[in-house]
Amino acid sequence: MENTVKYYQLLQIPTNANLEQIKTAFRRLARQYHPDLHPNEPATEEKFKEICEAYEILCNLHNSHQTTFRQEPNSSKFSAENYYVSGINQFLEGNYQEAIENYTQAIQLKPNFQEAYLKRCEAYFAAKQDRQVLADCQTILKLDNTCYQAYFYQGRSRQLLGYTQSAIESYTQAIHYQNSCAEAYYYRGLAYDELKEIANVLQDLQKAAKLFNEQGDRKNYNLAQNKLQQLFGKTPNVKSTIRQSGTPGIVKTIQLAVTTFLSCLFNPGGNLLAVFSRLSSRQALLFGVLYGAIADIFITISLHHLNHQAYSLSIQTFLLNSLPFISLVSCLAIIELILRQQIHIVASIFISGLSILPVSCLIALAYSPLNVPQSLLLIVSIFIICFTILILYFSFTQIYNFSEKTSTWLVPILITILAVILSILSNFI
């Protein structure tokens, strides 16, 4: 018993712990000391190996004594967790194919073993089997579509296979769910470099260097800095760049707001999440309010032009016309509160402003003194309505991460609410 006490101590559990407690402790400590999270730290890697050894020995001890774990009559001698730990040991020794075989055994015994899929994905990547990586990433994301590691490995394999734009989308998803993933910023910067999008390259490599530095990863920090020097001739000062970008001038803010809107306008499915993830919370909030205010102005001026006497320009009418924007923000917040028990008000404001601005442009065009032909107005209306639907749909699936089925139902509900509110406003004319 004395020989096994140290293993219980390593897992930080009492000596009378049952198998479920051992599993829970192992998973918690494995995440804490995993080498991927502490690169180039031999002490942490050694600690991880000790944790794996302790887990394997204690599992075998419990299995042999048949304490709280019962095997099926025809099952293998090893449990899924045993194969999983064995796979980790093989991977650390560089035996990638053996590791893959062990993870596969674990998955066969436990089909929804997400950790085993993720580790097998890592082993496939190390073995340069990118097609298998992509297959495992798809399976992992079906089990948990917020797993940033799966998006990261998906991006790496897509990039190596030459699917640069798809790789950028995967890295963006990884960053969305884990904003401190320095590797995702670094490789997304390299992907942007392949597409010659210089501004994005600089921004991502600087962000990666900053995160590597904060995480104490000097090797990768130097790698990012060297890449910046190679691409831009000298190593930019990361801190000063970030400080400058945090306090942009009015002109720069307006330019960025316009660029953000147009980027989402021309490709909402491909650019919405990427654009939103690159904005700070302050910028997203500011742009959302700005879009909403412009929409309010368009609606107010249009309705005033339609009926000068009944619809005068005043603060009251301006506040009244902000009802569509405010209602949309409220609806998005309520939906998230119901489905997620939390509210990201910045996202709700940004999406509402982005969605309501095209609708206000349509109202301004319809009620303008230009006498736009009905046929042209119909074409523009179809385009704007479709754009609004796409913005809401991709916001639900990408930013809020709702299922496609849920998003499909939510979009027409919100469009209907918006139409009702605009109809109510028209009654005040």
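User: Which residues does Ser348 touch, not counting residues up to four places away in sequence?

Analyst: The model is predicted, so local features need pLDDT of at least 70 and side-chain atom pairs count only at pLDDT 80 or more, while totals for chains, interfaces and linings use all residues. Residues are numbered from 1 along each chain as its sequence is written, and side-chain values use heavy atoms, with hydrogens and water left out. Contact means heavy atoms within 4.5 Å. With residues up to four places away set aside, the partners of Ser348 are Val329, Leu332, Ala333, Glu336 and Tyr400.

User: Is Ser348 buried or exposed, and in which helix is its place?

Analyst: Buried means under 20% relative accessible area, exposed over 50%, and partly exposed in between (1.4 Å probe, protein chains only). Ser348 counts as buried because its relative accessibility is 0%. Helices are DSSP runs (H or I, at least four residues), strands likewise (E, at least two), both numbered from the N terminus. Ser348 lies in residues 345-366, which form helix H19.

User: How many disulfides does the structure hold, and which cysteine sulfur is nearest to that of Cys137?

Analyst: A disulfide is a pair of cysteine sulfur atoms within 2.5 Å, and the structure holds zero. Cys137 is in no disulfide, and at 3.6 Å its nearest cysteine sulfur is that of Cys121.

User: Which cysteine sulfur is nearest to that of Cys147, and is Cys147 buried or exposed?

Analyst: Cys147 is also in no disulfide; the nearest cysteine sulfur, 8.3 Å away, is that of Cys137. Cys137 has a relative accessible area of 0% and is therefore buried. With a relative accessible area of 4%, Cys147 is buried.

User: How many helices are in the protein chain, and what percentage of its residues count as buried?

Analyst: The protein chain contains zero strands and 21 helices. Among contacts with a separation of 6 or more, 60% join residues 24 or more positions apart. Of the 429 residues in the chain, the share that counts as buried is 46%.
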